[in-house]
Amino acid sequence: MVEMECQRWASKGINIRYQIRENRVGYKAGALKEGLKRSYVKHCEYVVIFDADFQPEPDFLRRSIPFLMHNSNIALVQARWRFVNSDECLLTRMQEMSLDYHFTVEQEVGSSTHAFFGFNGTAGIWRIAAINEAGGWKDRTTVEDMDLAVRASLRGWKFLYLGDLQVKSELPSTFRAFRFQQHRWSCGPANLFRKMVMEIIRNKKVRFWKKVYVIYSFFFVRKIIAHWVTFCFYCVVLPLTILVPEVYVPIWGSVYIPSIITILNSVGTPRSIHLLFYWILFENVMSLHRTKATLIGLFEAGRANEWVVTAKLGSGQSAKGNTKGLKRFPRIFKLPDRLNTLELGFAAFLFVCGCYDFVHGKNNYFIYLFLQTLSFFISGLGWIGTYVQ
């Protein structure tokens with residue numbers, strides 16, 4: 001389809017080409033590096049990058065290029081993602097809540113305060129000179145976008161986020177695809193932190209406090225510790241306090257403060273505020289998967305460089321009414337091809353803690369524990385998301 005469209009425009013005299021690689025060396029970073037080697041790139045100043053499921057509006061370049069043209073210090077203009085299939089199932093609604101917070105708060109604030117924020121890998125325009133100065137695309141991790149952004153930032157380049165420039169895209173609507181995506185998004189930054197921390201410390205082109213911000217806030221807190229704290233506190237510490245009655249967690253620490261943080265995290269998607277409770281349970285389940293992925297990345301274990309393309313079902317069409325071949329409810333009485341044993345194991349652990357609290361406890365934690373047990377159990381069986389018949 002893309003090749004035919006390029007041929008149609010080329011027949012009208014437009015300078016457009018369709019090119020692909022014959023191999024997957026370096027995966028996405030390898031493809032981007034190969035693309036910049038083309039002879040016609042020498043005559044270009046900017047490169048715009050979209051993943052296959054993104055649908056930019058016709059005026060995308062007219063609304064974004066001027067920021068690069070009139071400010072030579074800007075290396076990247078990042079657009080916001082909008083999701084055509086956010087209402088497809090509960091899984092996509094949960095993803096929308098997490099990603100909307102990322103765009104509305106993290107990247108909006110990072111851009112407006114001239115602090116560092118990462119490239120999202122798509123829906124962005126790079127100044128080719130900045131890419132070259134930063135050392136080009138590298139395939140040493142599975143987050144080549146973040147890798148380039150950090151190196152460019154350390155050389156003094158600025159980034160701009162345009163929240164009102166929105167590009168339609170698709171969320172993974174099967175739990176298997178979502179797990180692979182989250183593994184890459186959690187493992188990659190941890191692995192990049194391992195490989196770049198000394199390079200950041202030794203850098204002489206940026207101020208000391210920017211180094212502290214990138215190492216501590218961007219990497220250590222947001223990409224590593226955030227997953228560990230969520231998992232350890234909600235899925236390990238609180239349940240164990242039931243089995244060890246000498247340990248007491250005050251209610252402000254176990255309920256009030258976490259509730260305030262959760263409500264603040266929902267500001268990006270006010271239409272889904274009624275799903276906050278489900279989102280909390282879902283994020284706690286995924287914190288186990290993300291914690292495991294960050295440890296793999298930090299210690300560069302077996303799956304550190306695993307690259308699995310995130311499968312999409314073409315829900316941009318199904319959202320318009322073409323739902324042929326899609327089954328929107330899980331096959332309850334048919335087990336998946338592969339059980340998620342780690343999630344099932346934690347479901348058993350939480351169930352035991354809940355039963356003990358029901359019999360001997362005083363804080364009524366068993367209500368939360370039984371609901372969290374159900375969430376881990378459903379995830380362990382993969383009974384979430386859209387299924388293909």
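UniProt positions are given in the numbering used here, feature names are shortened, and annotations may be inferred rather than shown by experiment. With that in mind, I noted that UniProt, in an unreviewed entry, places "domain: Glycosyltransferase 2-like" at residues 46-243.

Before going on, I wrote down that this is a predicted model, where local features need pLDDT of at least 70 and side-chain atom pairs count only at pLDDT 80 or more, while totals for chains, interfaces and linings use all residues. Residues are numbered from 1 along each chain as its sequence is written, and side-chain values use heavy atoms, with hydrogens and water left out.

I found residues 46-243 to be 57% helix and 15% strand, with 59 Å between the end C-alpha atoms. Helices (H or I, at least four residues) and strands (E, at least two) are DSSP runs, numbered from the N terminus.

**Sheet.** I traced an open sheet of 4 strands in the order β1-β3-β2-β4, with mixed pairing; two strands pair if DSSP finds at least two bridges between them. At its edges I found β1 (46-49) and β4 (158-169), each pairing on one side only. Strands β2 (residues 74-83) and β3 (residues 124-127) run antiparallel and are joined by 3 bridges. I looked up V77 too: its bridge partner in β3 is I125.

**Helices α7 and α8.** How do the axes of α7 and α8 cross? Helix α7 (residues 175-202) and helix α8 (residues 208-243) have axes that come within 10 Å and cross at roughly 160° (axes are lines fitted to C-alpha atoms, for helices over the stretch in contact, and angles run from 0 to 180 degrees between N-to-C directions). The two are therefore roughly antiparallel, a label for angles over 145 degrees. Among the residues that meet, I marked L192 and F193 in α7 and F219 in α8; contact means heavy atoms within 4.5 Å.

The unreviewed UniProt entry places "transmembrane region" at residues 212-244, 256-282, 341-359 and 365-388. I checked two of these spans. Residues 256-282 are 63% helix and 0% strand, with end C-alpha atoms 19 Å apart. Residues 341-359 are 100% helix, and their end C-alpha atoms lie 27 Å apart.

**Helices α12 and α13.** I then saw that the axes of α12 (residues 341-360) and α13 (residues 366-381) come within 8 Å and cross at roughly 160°. Helices α12 and α13 are therefore roughly antiparallel to each other. Their contact includes F346 and L350 of α12 and F370 and F376 of α13.

Notes: Parallel < 35°, antiparallel > 145°, perpendicular 65-115°, else oblique.
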